[in-house]
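Please look over the sequence and the model below before reading my comments.

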Amino acid sequence: MESVREAVFSSLGGSCEGLTVLDLFAGSGALGLEAWSRGASSVTFVEQHAAVFRVLRQNIESLDGPGLGAVRCIQADAIKWLGVAGESFDLILADPPYDLPDALRLTLEGIADHSVLTDGGTVVYELRSSGAVQVPETWSVVRDKTYGKTRVIMLQPRREEQP
């Protein structure tokens, strides 16, 4: 998992300096914590499950220190939370449970419908490497790479063609 995380952030240019980051389906917070340690100005973690949320908070507290950006933890259903987010992020990290039905479509629709991604922002989506994936046509795949049992897709909203 650490090698996947390193590959993801290398693909993003290595630094998250000044970025606002959203870690959906945060789990232990590994992706968001990595962005935080790489200079993100703020990281918002969203995790639904109470026991996992407690671990997430402990992980953040153990790493907190001077020079790190702002951090916020929200215990909520990630897809539903997109509808009340009320803000946009430069980088959205999403690593939903692999058995969550239709998670990719629902996540991308929620992001687009509620303007949760800034112009030029990127979504990094982790999923199981096996099985077909249907990316909504309103999104462009910037990168699609498999690391063993994990597949990482980087996406951006498809831009309207200029006349």
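Predicted model: local features only at pLDDT ≥ 70, side-chain atom pairs only at ≥ 80, totals over all residues.

**Notes on the model**

1. In helix H2, the residues Leu31, Gly32, Leu33, Glu34, Ala35 and Trp36 are buried, where buried means under 20% relative accessible area, exposed means over 50%, and partly exposed covers what lies in between, using a 1.4 Å probe and protein chains only. Helices (H or I, at least four residues) and strands (E, at least two) are DSSP runs, numbered from the N terminus. Six of the eight residues of H2 are buried, so this helix is largely enclosed by the rest of the structure. H2 is followed by Gly39, and the phi angle of Gly39 is positive, near 100 degrees.

2. Residues are numbered from 1 along each chain as its sequence is written, and side-chain values use heavy atoms, with hydrogens and water left out.

3. Side chains of opposite charge can pair when their charged atoms come close. How many salt bridges does a search of the whole structure find? The search finds seven, a salt bridge being a side-chain nitrogen of Lys or Arg within 4 Å of a carboxyl oxygen of Asp or Glu.

4. One of these salt bridges joins the side chains of Glu6 and Arg38, at 3.1 Å from N to O. Glu6 belongs to helix H1 (residues 2–11), whereas Arg38 sits in the loop between helix H2 (30–37) and strand S2 (42–47), so the pair ties together parts that are 32 residues apart in sequence. The two partners can also be described by their accessibility: Glu6 is partly exposed, with a relative accessible area of 41%, while Arg38 is buried, with a value of 18%. Arg38 also meets the side chain of Glu34 in a salt bridge of 2.8 Å, N to O, and Glu34 is itself buried, at 19% relative accessible area.

5. Another salt bridge links Arg105 with Glu109, whose closest N and O atoms are 2.9 Å apart. Both residues lie in helix H5 (residues 103–113), four residues apart, which is about one turn of the helix. Arg105 counts as partly exposed at 32% relative accessibility, and Glu109 counts as partly exposed at 34%. Elsewhere, salt bridges that share partners join Arg5, Glu6, Glu34 and Arg38 into one network.

6. The largest pocket holds about 280 Å³ of space. On a 1 Å grid over the protein atoms alone, a pocket is an open set of points where a 1.4 Å probe fits, with protein on both sides within 12 Å along at least five of seven lines, and lining residues have an atom within 4 Å of a point. Grid points are joined across faces, edges and corners, and the volume is the space filled by probe spheres set on the points. Of the 18 residues that line this pocket, Tyr98, Leu100, Leu104, Tyr125 and Leu127 are the closest to its centre. H5 and strand S5 (117–128) are the elements that give two or more residues to the lining, and S5 gives the most, with four residues.

7. Which residues of H3 are buried? In this helix, Phe53, Leu56 and Ile60 are buried, and, seen down the axis of H3, its buried residues fall within an arc of 55 degrees, so they line one face of the helix; the arc is that of the directions from the helix axis to the C-beta atoms. The face turned away from this buried side carries the exposed residues Arg54, Gln58, Glu61 and Ser62.

8. Phe25, with phi near 55 degrees, is found in the loop between strand S1 (20–24) and H2, and counts as buried at 13% relative accessibility. Asp102, with phi near 60 degrees, lies in the loop between strand S4 (89–94) and H5, and counts as partly exposed at 42% relative accessibility.
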